[in-house]
Amino acid sequence: MNRILLTGAAGLLGKRVIRKLILKDFEVFTLTRNPFPVEGAQNIIIDLSRPWEFSKLPPFIDVVIHLAQSNHFKDFPSYASDIFNVNVSSSVYLLEYARSANAKLFVYTSTGGVYGHSNKPFYEYQATQLTLPNNFYFRSKWCTETLIYNYNRFFNTVIFRPFFIYGKEQQRTMLIPRLFDSVKNNTPVVLNGENGITINPIHVSDASDAFLCALSLEDSWTINIAGPELLSIRDICDSFGNYLGMEPKYSLTENSSSDLVGDISVMKELLMNPHRKLADHLEDIEN
């Protein structure tokens, strides 16, 4: 599996995966909306939110890694078409491309959000449609998951469900940097209950390692991608406060919210054991 096409190359995770693929001497093609030159990779300009053709892509490919997501994933209904086109329509086009290009593996980045919330960890075998949140973005990811299963007879498919990836140069609107900025700016952090929900976020270095490990998988899988620690929102913000030398401010509500924790037994068995802890990477979150 030497030739790899990767979408979402300019994102937090995409940048790390590309670097590691190039270091492993893979032939990498990056697919982006805007020019994104990376030494050692061939960049192809395609806007996944609009109709596009296979003719721009390599005629043969071994692996497709689909990381791209709509930049407007929070903007429903204003950008419903953009979310649908990137998350669903482009995924079907890429699946058809992978089939026509004789791919051996298709890796799709879904989200742990398809599970909803629960006081117990989520396992991959759970019927997600029973608890799927009323959220257009999450439902679009789940729709694509169900479509991917139809292609298992043509090539192996791996569906990753990440839980709160964080790392250096992440968009400040994402959960972990947003919490950091709230503490830094003395903005009260809203907690449902005493401590807020519990999550198990994963550092981008561990997450990108998981993608490389997936290249060696046999058969098709759905796998949670999450970190080794169970941390409440209060735990996370207290850690930020210690780092900044500040006392975080909290605004408690009486609302009860269930947790969003992904069980990582399958990840550890098939891929790798994530080991990076949030408190050891606070500089990454600050910058």
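**One loop and its surroundings**

N186 lies in the loop between α4 and β8. Helices (H or I, at least four residues) and strands (E, at least two) are DSSP runs here, numbered from the N terminus. Before we go further, please note that this is a predicted model, in which local features need pLDDT of at least 70 and side-chain atom pairs count only at pLDDT 80 or more, while totals for chains, interfaces and linings use all residues. Residues are numbered from 1 along each chain as its sequence is written, and side-chain values use heavy atoms, with hydrogens and water left out.

For background, most residues other than glycine have a negative phi, and most peptide bonds are trans. With 37% relative accessibility, N186 counts as partly exposed; buried means under 20% relative accessible area and exposed over 50%, with partly exposed in between (1.4 Å probe, protein chains only).

Other spots in the backbone are worth a look too. F164, in the loop between β6 and β7 (165–166), also has a positive phi without being a glycine, near 55°. Its relative accessible area is 25%, so F164 is partly exposed. In the loop between β4 and α2 you will find P77, which is joined to F76 by a cis peptide bond with omega of about 10°. G245, which follows α6, has a positive phi near 70°.

That brings us to α6 itself. Helix α6 runs over residues 233–244 and its twelve residues reach 17 Å from first C-alpha to last, close to the 16 Å expected; the expected span is 1.5 Å times one less than the number of residues. The buried residues in α6 include I233, R234, I236 and C237.

Relative accessibility of R234 is 17%, so it counts as buried. A polar atom of its side chain lies 2.9 Å from the backbone oxygen of E194. (A polar contact is a pair of N or O atoms within 3.5 Å; within protein, one must be able to donate a hydrogen and the other to accept it, and residues adjacent in sequence count only if both atoms are side-chain atoms.) Leaving out residues up to four places away in sequence, R234 touches L191, E194, N195, Y250 and L252, where contact means heavy atoms within 4.5 Å.

β6 (residues 156–162) pairs with β5 in the parallel sense over five bridges; strands pair if DSSP finds at least two bridges between them. L105 of β5 has N156 as its bridge partner in β6, and V63 also stands opposite L105. β4 (residues 63–66) runs parallel to β5, joined by four bridges. Is β5 (residues 105–109) mostly covered or open? It is mostly covered, with five of its five residues buried: L105, V107 and T109 on one side, F106 and Y108 on the other.

At the start of α3, a side-chain oxygen of N135 reaches to within 3.0 Å of the backbone nitrogen of Y137.

Finally, A210 sits in helix α5 (residues 204–214). Its relative accessibility is 0%, so A210 counts as buried. Setting aside neighbours within four places in sequence, A210 contacts F160, I225, M267, L271 and M272.
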